[in-house]
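Hi,

Here is the structure I promised to pass on.

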Amino acid sequence: MIRTEIVGIGDPFVYTENGVYYLYATSSPKGFKCFTSRDLKNWKDEGLCYCESGWGENCFWAPEVYKYDGSYYLLYTARWAKNHSLRTGLAVADSPLGPFKDLKNGPLFDLGYATIDATFLFDEGRNYLYFVRDCSENVIDGVHTSVIYGVEVDKTLTGFVGEPIVISAPTNAWERTIDPEWCWNEGPAVLKANGRYYLNFSVNCYDNRNYCVGCSEASAPLGPFAKYENNPILKYRENVFSGPGHNAFFRDFGGRLMTSFHIHTYYDKPSGDRRVCFAPVSFDGTGRMKILVDEE
């Protein structure tokens, strides 16, 4: 596991190109910073690659950057000034350093409820979007509940093909341990490997030491996904690190599959102050995913 010196962030995501790692994270009240590195250990703060838009007033969270059809797309969360509700945005740039400009003068889509933590999967000419219906506005049987949805999107990345469906919800006891009135499946990260689709999702509140990552598998991009019986696959380790979560996948320049994630900057003071970390990802003989925090 690589612990970086990048702190005061959350939800790290890495894009790679031409020997450079580009790191994006929840990092500024005004938008998103970009950091660059050639070795995953030494990082340069490149400043803001996206600065607050007309539609988003605050809560700039969980940025992810993709190269698609010759341009760079930034997928992110912000609070909509129109109604002070969280929504998903999409911006575009000619460089991974930005500046990113919104495709719309408003959210990417509006389903009438708060959405966060969106991510793309590009799979054999078809595109998929995964996002979270946020617990701030989703109350089920008296419990504020974050639920992950998936939907195919069109070639423009802006229109749905069909209706979003639930692909992951907090249904197991280990996912409902912090507060009986609040529970989460959030921070989706989707990977295709070994002919299977792997969904990583984060559970519990980000400022709690028991924030952690679970895994489920499916044979199709929209599921149905089956959760591992031995979840979580990344969790608090006593006297080592606290609150690991909201991960994303990438390959290093040696071709090794890696994941980015955050931990609490101060082990004994869990909070929204978090540190960027990286760890290798592998699969056992049955195809089960493992995050190797004991390796670099």
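Below is what turned up, starting with the ground rules and then going through pockets, strands and single residues.

This is a predicted model, so local features need pLDDT of at least 70 and side-chain atom pairs count only at pLDDT 80 or more, while totals for chains, interfaces and linings use all residues. Residues are numbered from 1 along each chain as its sequence is written, and side-chain values use heavy atoms, with hydrogens and water left out.

**Pockets**

Rolling a probe the size of a water molecule over the atoms shows where empty space is left. In this case a pocket is an open set of points on a 1 Å grid over the protein atoms alone, where a 1.4 Å probe fits and protein lies on both sides within 12 Å along at least five of seven lines; lining residues have an atom within 4 Å of a point. Grid points are joined across faces, edges and corners, and the volume is the space filled by probe spheres set on the points.

The largest pocket holds about 490 Å³ of space. It is lined by 23 residues, and the closest to its centre are Phe13, Tyr66, Phe120, Phe249 and Phe250. Strands S1 (2-17), S5 (56-68), S9 (115-123), S15 (186-193) and S19 (245-251) each put at least two residues into that lining. Strands here are DSSP runs of E with at least two residues, numbered from the N terminus. By class, the lining of the largest pocket has 16 nonpolar, 2 polar and 5 charged residues. For those classes, Ala, Val, Leu, Ile, Met, Phe, Trp, Tyr, Cys and Pro count as nonpolar, Asp, Glu, Lys and Arg as charged, and the others, Gly among them, as polar.

The second largest pocket comes out at about 340 Å³. Its lining has 19 residues, with Asp11, Trp61, Glu186, Tyr206 and Arg274 the closest to the centre. S1 and S9 each supply at least two residues of this lining, and S1 gives the most, with 4 residues.

**An open sheet**

Four strands form an open sheet in the order S5-S6-S7-S8, with antiparallel pairing. S5 and S8 stand at the edges with a single partner strand each, so one side of each has no neighbour in the sheet. Two strands count as paired if DSSP finds at least two bridges between them; S5 and S6 (residues 71-80) are joined by 8. Across that pair, Asn58 has Arg79 in S6 as its bridge partner, and Lys67 stands opposite Tyr72 in S6. The hairpin of S5 and S6 has 2 residues between the strands, and Asp69 takes a positive phi near 50° there.

**Two threonines**

Is Thr115 buried or exposed? This residue of strand S9 is buried, at 0% relative accessible area (buried means under 20%, exposed over 50%, partly exposed in between, with a 1.4 Å probe and protein chains only). The side chains of Thr115 and Thr88 make a polar contact of 3.1 Å. A polar contact is a pair of N or O atoms within 3.5 Å; within protein, one must be able to donate a hydrogen and the other to accept it, and residues adjacent in sequence count only if both atoms are side-chain atoms. Leaving out residues up to four places away in sequence, Thr115 touches Thr77, Leu86, Arg87, Thr88, Phe109, Phe131 and Val132, where contact means heavy atoms within 4.5 Å.

Thr145, in strand S12 (residues 143-153), is buried with a relative accessible area of 6%. Its side chain reaches the backbone oxygen of Val143 at 2.9 Å.

- The Gly98 to Pro99 peptide bond is cis, with omega near 0°; Pro99 is in the loop between S7 (85-93) and S8 (101-102).
- Asn231 and Pro232 are also joined by a cis peptide bond, with omega about 0°, and Pro232 lies in the loop between S18 (226-227) and S19.
- Asp141 is not a glycine but has a positive phi near 50°. It lies in the loop between S11 (139-140) and S12 and is exposed, at 79% relative accessibility.
- Asn204, also not a glycine, has a positive phi of about 75°. It sits in the loop between S16 (196-203) and S17 (212-218) and is buried, at 3%.

Cheers
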